Amino acid sequence: MAMRLATEYVKTCLQLTEAEMALFIQMFVDHQASLQVRVLENGNQEVVLLDDAGQEIVLSFERKLGAYICQGSCRITNKNLVNLMRKAVASFKGSATVHRLYETYTMIYEYEQGTVVKIVEYKEGTGKVIYEYKDTIGQLNRLFLRNEVEQQIGRIRLQINHLLDLRNDIQELAVREQIDVRLQKLAHELFVLEA
């Protein structure tokens, strides 16, 4: 089995409440990760993780409207920190693009709302999709709820009724013929839509 060289969080987005921020920090403390929390004067926080080589991994959380938002990137080589970061993204419903770097290839993971939605193996300049989440039930449900055709049928029926009323009220033959041509076109459209 290939040995992972590093894991890069290329794009990471975590949005935490104050309580979740405390849980986030506690999760790293519980797993004996070396960390420091720096509280900045504007209420922002930096969580600084230290890996085995003494490298600092800085996660900056900006305080906005009562939430802490972390958007950025980092490179992690420590297995424990990699697993903790993966758990954090999953637990706190984060979004991320993660590159797991190996000697001859890279595995790219896409997370949305804490769930892996796509995995791509990138090797020798070529990407191969390994896994892709398809929301089949959601797609079918959205398709079922779509009613544009029914709305268009309703509009055509209203036009037909209006033209029939107009045809009954008008005595001029030339105008009636124009209305008949328009009714024929609308009847054909209605037939196509109902089929």
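**Close-up views of a helix pair and a pocket**

**View 1. Packing of helices H4 and H5.** Helix H4 (residues 148-169) packs against helix H5 (residues 173-194) at an angle of about 160°, and their axes are 10 Å apart. Because of this angle, H4 is roughly antiparallel to H5. The crossing in which H4 passes H5 is left-handed. The model shown here and in the other views is predicted.

**View 2. Residues at the contact of H4 with H5.** On the H4 side, the contact is made by Val149, Gln152, Ile153, Ile156, Arg157, Gln159, Ile160, Leu163, Leu164, Leu166, Arg167 and Asn168. H5 contributes Arg176, Ile179, Asp180, Arg182, Leu183, Leu186, Ala187, Glu189, Leu190, Leu193 and Glu194. The residues of this contact comprise 13 nonpolar, 3 polar and 7 charged.

**View 3. The largest pocket.** The largest pocket holds about 190 Å³ of space. Its lining consists of 11 residues. Ala2, Met3, Arg4, Lys79 and Tyr102 are the lining residues that lie nearest the centre of the pocket.

**View 4. Elements and residue classes in the pocket lining.** Strand E1 (4-16) and helix H2 (79-91) are the elements that give two or more residues to the lining of the largest pocket. H2 gives the most, with 3 residues. By class, the lining of the largest pocket has 5 nonpolar, 4 polar and 2 charged residues.

Technical notes: Residues are numbered from 1 along each chain as its sequence is written. This is a predicted model: local features need pLDDT of at least 70, side-chain atom pairs count only at pLDDT 80 or more; totals for chains, interfaces and linings use all residues. Side-chain values use heavy atoms; hydrogens and water are left out. Axes are lines fitted to C-alpha atoms, for helices over the stretch in contact, and angles run from 0 to 180 degrees between N-to-C directions. Helices (H or I, at least four residues) and strands (E, at least two) are DSSP runs, numbered from the N terminus. Angles under 35 degrees count as roughly parallel, over 145 as roughly antiparallel, 65 to 115 as roughly perpendicular and the rest as oblique. A crossing is left-handed if the near helix is turned anticlockwise from the far one by less than a right angle, and right-handed if clockwise. Contact means heavy atoms within 4.5 Å. Ala, Val, Leu, Ile, Met, Phe, Trp, Tyr, Cys and Pro count as nonpolar, Asp, Glu, Lys and Arg as charged, and the others, Gly among them, as polar. On a 1 Å grid over the protein atoms alone, a cavity is a set of points where a 1.4 Å probe fits but cannot get out, and a pocket is an open set with protein on both sides within 12 Å along at least five of seven lines; lining residues have an atom within 4 Å of a point. Grid points are joined across faces, edges and corners, and a volume is the space filled by probe spheres set on the points.
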